[in-house]
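Hello! Could you walk me through a fold, one question at a time?

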Amino acid sequence: MRIIQIIDSLEVGGAEKMAINYANALSKKIEFSGLIATRKQGLLLEQINNNVDYLFLNKKKQIDFKSIFQLRNYVKNNKVDFIHAHSSSFFIAVLVKLTFFKVKIIWHDHYGISQDLKSRKNLSLKFGSLFFTGIISVNSALKNWAQDYLWCKKVIYLPNFIESNVNLNAEISLKGLDGKRIVCVANLRPQKNHELLINTASIIRNKFPDWTFHLIGKDFEDIHSYELKRKVEDLKLTENVFFYGTINNIPSVLKQSEIAVLPSLSEGLPLALLEYGLYEMPVVAANVGEISKIITSEKTGLIVPSNDLEQFTKAIQKLIEDRIYRKAIGLELNKVIKLNYSEESVIEKYISWFNSLINFTI
């Protein structure tokens, strides 16, 4: 089987990381595994395995004929069976299919606002779905949405998974005291609810002044980012809350931290939570998206109602005060991740499903 992954960029993000995870994992299982970045490269470029065939299109506009035919030639020359298009990269995949109908498209839906799917409308995606052989959804809500809204009915739910053997050289040095760090891995978007985290930090600082909060994720340098940093200054938290921007070596960050948090207002199946579990982190998370399917009891972590400052703060305080409990739930979450969200378990289901689609025509 010959499969390529297509993603718009290689900047640090959930969909981007999953495109690389699939390309790397498949390179050990199938005849040909490729990865194409259409618009922009980024820090994740160094995480692509040597045996993955990589192409950068440097696409300049929505309909870029040079990129379309470059991709078409790549697909044809490498005898690609499936284009696995992640998120908005479905568009160029459909344009290629219109000129080379033999290739099959699988679209991967990474949409992160699963609480508001009724208002999710995308006419170009709906039209494009006429040319999809199948759809992968990262949670059950997205699967139901795809079956109801799109015109491709071969839909499967496959959870995100973690690639555990990534070799990264750049070590990161976090501020604050060893053994007293709380980390949040999430880009600075409103839906990630860093505002709640900063308010929590203000309360925690009064009782546990040595504990610090470390915010890892892309800084878009927009109004939202400005307001978050202004809030940190207004609450006099500049020695308690630190922004790092995009960091490639998340394992290094987690190994220096004691507690991991996700205060999000909405999520799908957050890759950050899987990373937390892989590195045995005790977790406090908002009860959104698929999080409650991973943290099913207080034996594996603490989940609280979304945007509930009091409950979120109490949960963090509980972990600060009980080191033995922190260690125990981190180990239990690790078992859950390895059993259900490992590379091996997901890729086995993935390849089996693709084999069932080989002879399917739209």
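Me: What should I know about the model before we start?
Reply: Happy to say: this is a predicted model, where local features need pLDDT of at least 70, side-chain atom pairs count only at pLDDT 80 or more, and totals for chains, interfaces and linings use all residues. Residues are numbered from 1 along each chain as its sequence is written, and side-chain values use heavy atoms, leaving out hydrogens and water.

Me: Which strands stand at the edges of the sheet?
Reply: Strands here are DSSP E runs of at least two residues, and helices are H or I runs of at least four, both numbered from the N terminus. Two strands pair if DSSP finds at least two bridges between them. The seven strands form an open parallel sheet in the order E3-E2-E1-E4-E5-E6-E7. Each edge strand has a single partner, so one side of each lacks a neighbour in the sheet; these two are E3 (53-56) and E7 (155-157).

Me: What is the bridge partner of Ile83 in E5?
Reply: Strand E4 (residues 82-86) pairs with E5 (residues 104-109) in the parallel sense, over five bridges. In E5, Ile83 is partnered by Ile105.

Me: Is Phe100 buried or exposed?
Reply: Phe100 sits in the loop between helix H3 (90-99) and E5. Buried means under 20% relative accessible area, exposed over 50%, and partly exposed in between, with a 1.4 Å probe and protein chains only. Phe100 has 16% relative accessibility, so the label is buried.
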